[in-house]
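This report describes a protein model through its helix packing, its nonpolar core, selected residues and its annotated repeats. Please consult the sequence and the structure shown next while reading.

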Amino acid sequence: MTKRCKALMRQIICFTPQKGSFSDLLAAWVRIMKPRRADWLTVLKELRTMDHPLYLKVAELALLEESFEANVRDYTKIIHAYGMQNRLHDAEKTLSAMKSKGFTCDQVTLTTMIHMYSKAGDLVLAEDTFEQLKLLGQPLDKRSYGSMIMAYIRAGMLKQGEILLYEMDAEEVYAGSEVYKALLRAYSMIGDSEGAQRVFDAIQCAGLPPDVKLCGLLINAYAMAGQSQKARVAFENMRRAGLEPSDKCIALLLAAFEKENRLNKAFEFLVNLERDGIVLGKEASEILARWFRRLGVVEEVELVLREYAGR
C-alpha cells in the first residue's frame with residue numbers, strides 16, 4: 001500500500017461526523033495526493049476486506065472522480081453490494097447514475113439486478129429485468145437462470161421455476177445445487193410429491209448425487225401427501241444408494257405411518273432398523289412416544305415388537 005493510500009486509510013478509520021463532511025475529506029485527498037485508479041482500488045479492497053461501514057460511501061464518491069476512471073463493472077459491484085443489503089433504492093440510484101454516464105447494462109449488471117429483485121421478493125421487476133437480459137441475445141448462464149428461478153420459488157410459482165430449470169437443461173446449462181435444493185424444499189413443504197419427485201429426478205440427471213438431506217425432503221413430500229408407502233420406497237432407495245439414514249429421515253417416515261394410522265407397518269419398519277443395527281434418535285423416539293401415548297398402548301408395544309423380532 002502506497003503512502004497516499006495509507007494516509008487516506010488513517011483518515012477513514014479515524015473519521016467521525018464531528019470532523020466535518022466525509023466527501024470534503026475525500027476531495028482534499030484527491031486534490032493533494034492526486035491518486036491514480038490503482039490507489040482507489042487498493043483503498044476499496046482494504047475497506048471491503050475490513051468490512052468497513054464506509055466502504056460503499058467511498059465507492060460511490062470514487063465514481064464521481066475522474067482519477068478513478070470508472071467502468072461499468074465498478075457500478076455493478078456497488079449495485080451488488082446494495083442488493084446484498086436489500087437497499088433497492090440505492091441500487092437503482094446507482095444504476096441510473098451508470099446509465100447517465102453512457103454505460104449500457106450488460107449481462108453481468110442485469111443478472112445482478114435480477115438477483116437483487118429476487119432476494120427482495122419483487123417478482124415483477126425480476127421478470128422485467130430477465131426479459132431485458134434475453135433481449136441482449138447472449139446465452140444465459142446458470143447465475144442468470146438461477147436468480148430468476150429463486151424469484152419464482154420465493155413467489156410460490158414453483159412450476160414456472162421448474163420450466164426454467166428444464167429450459168436450462170435444453171441449453172446444457174445446469175443450475176447450482178442450491179437452486180435444485182430450494183425448489184425441492186418448496187415442493188416438499190407443500191406436500192407436492194409429484195413435483196418433488198420430478199425435481200429429485202432432475203437433480204440426478206444433472207449429475208448431482210443426492211445426499212441425506214435431499215432424500216429427506218423427498219420423504220417429507222410423500223409423508224405430507226399421505227403416501228407412506230412411497231415415502232418408504234424413497235427411504236429404502238436412499239439406503240440402497242449407500243446413504244446412512246438420519247434420525248430426521250426415520251422420524252419423517254414414522255410420522256407418515258402415524259398420519260395414516262399404519263401401526264403394523266411402523267412395527268415392521270422399526271424391527272428392520274433394529275436388525276440392521278440402526279438406533280432411533282431423539283426426534284424419531286419422540287414421534288413414537290407421542291403416537292403410542294395417543295393410542296394408549298405404551299405397555300403393549302414392547303410385546304408386539306418382541307413378536308416381530310422373533311419372526
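## Conventions

Contact is taken to mean heavy atoms within 4.5 Å. Helices (H or I, at least four residues) and strands (E, at least two) are DSSP runs, numbered from the N terminus.

The model is predicted, so local features need pLDDT of at least 70 and side-chain atom pairs count only at pLDDT 80 or more, while totals for chains, interfaces and linings use all residues. Residues are numbered from 1 along each chain as its sequence is written, and side-chain values use heavy atoms, with hydrogens and water left out.

## Packing of H14 against H16

Two packed helices are described by the angle between their axes and the distance between the axes. Axes here are lines fitted to C-alpha atoms, for helices over the stretch in contact, and angles run from 0 to 180 degrees between N-to-C directions. Helix H14 (residues 228-240) packs with helix H16 (residues 263-275) at about 10 degrees, the axes being 12 Å apart. H14 and H16 are therefore roughly parallel (angles under 35 degrees count as roughly parallel, over 145 as roughly antiparallel, 65 to 115 as roughly perpendicular and the rest as oblique).

On the H14 side, the contact is made by Gln229, Arg232, Phe235 and Arg239; on the H16 side, these meet Lys265, Glu268, Phe269, Asn272 and Leu273. By class, the contact of H14 with H16 comprises 3 nonpolar, 2 polar and 4 charged residues. In this classification Ala, Val, Leu, Ile, Met, Phe, Trp, Tyr, Cys and Pro are nonpolar, Asp, Glu, Lys and Arg are charged, and the others, Gly among them, are polar.

## The largest nonpolar core

A nonpolar core is a set of buried Ala, Val, Leu, Ile, Met, Phe, Trp, Tyr and Cys residues joined through side-chain atoms within 4.5 Å. Buried means under 20% relative accessible area, exposed over 50%, and partly exposed in between (1.4 Å probe, protein chains only). The largest such core has 99 residues, of which Met148, Phe235 and Leu254 touch the most other members. Helix H13 (residues 212-224) supplies the largest share of this core, 8 residues.

Not counting residues up to four places away in sequence, Met148 touches Ile114, Leu123, Ala126, Glu127, Phe130 and Leu164. Leu164 belongs to helix H10 (residues 158-170) and is buried, at a relative accessible area of 6%. With the neighbours within four places in sequence left aside, Leu164 is in contact with Phe130, Tyr145, Met148, Ile149 and Tyr152.

## Residues with positive phi

Most residues other than glycine have a negative phi. Glu69, in the loop between helix H4 (55-63) and helix H5 (72-84), has a positive phi of about 55 degrees. Glu69 is exposed, with a relative accessible area of 53%.

Asn86 also has a positive phi, near 60 degrees, and lies in the loop between H5 and helix H6 (88-100). At 43% relative accessibility, Asn86 is partly exposed.

UniProt positions follow the numbering used here, feature names are shortened, and annotations may be inferred rather than shown by experiment. Residues 71-105 have end C-alpha atoms 12 Å apart, with 74% helix and 0% strand. For residues 211-245, the end C-alpha atoms lie 10 Å apart, and the span is 74% helix and 0% strand.

The unreviewed entry in UniProt also lists "domain: PROP1-like PPR" for residues 167-293. The end C-alpha atoms of residues 167-293 are 50 Å apart, and this span is 74% helix and 0% strand.
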